[in-house]
Amino acid sequence: MSAVLTPVRAATVSRIATATLTVATRGTGFVEITAEARRFVEAAGGGDGVLLLFVRHTSASLVIQENADPDVRTDLVTALDRLAPANAGWVHDAEGPDDMPAHVKTMLTGVSLAVPVVGGVPALGTWQGIYLAEHRARPHRREVVLQFLGAAA
């Protein structure tokens, strides 16, 4: 096995920028927020650094997934439903039968992401997108805190 390391780029953190993105969901599924994340980094004047994303909810999560074939997102919803089905006999159901499964799905997928930013652009792979995953059946308004830490462009 061989590995090749590119030349190292170094930057001093001179900029910290923060904003909140409100995302309207239509119920269970994935909402792509890649374009909004890129616009945030640009508006923040970011150069090299890191983009941090944090969703302020316990029944929605953030993921990086394929953004080319929508069937992937459909299959991911199916997989999560198999891992945490609504009819599993949950004790906690304060907000309905999809409440506890939504908490489990959030625990499995996570509420935060860290994405490298190189030259003012999130360093995502060719087929990668940033998504808010809604785990509840009905529509919600979700808040995602975006933060750029790094050098100015």
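Modeller: The model is predicted: local features need pLDDT of at least 70, side-chain atom pairs count only at pLDDT 80 or more, and totals for chains, interfaces and linings use all residues. Residues are numbered from 1 along each chain as its sequence is written, and side-chain values use heavy atoms, leaving out hydrogens and water.

Biologist: What is the strand order in the open sheet of three strands?

Modeller: The order is E2-E7-E4, with antiparallel pairing. Strands here are DSSP runs of E, at least two residues, numbered from the N terminus.

Biologist: Why is one side of E2 and of E4 left without a neighbour in the sheet?

Modeller: Strand E2 (29–32) and strand E4 (60–66) are at the edges and have a single partner strand each, so one side of each lacks a neighbour in the sheet.

Biologist: What makes E4 and E7 a pair?

Modeller: Two strands pair if DSSP finds at least two bridges between them. Seven bridges join E4 to E7 (residues 128–134), so the two strands count as paired. Glu66 stands opposite Gln128 in E7.

Biologist: What makes the link between the side chains of Thr25 and Glu134 a polar contact?

Modeller: The term needs a pair of N or O atoms within 3.5 Å; within protein, one must be able to donate a hydrogen and the other to accept it, and residues adjacent in sequence count only if both atoms are side-chain atoms. The side chains of Thr25 and Glu134 are joined at 3.0 Å, so the distance meets the cut-off.

How values were computed
Helix = DSSP H or I, 4+ residues; strand = E, 2+ residues; numbered from the N terminus.
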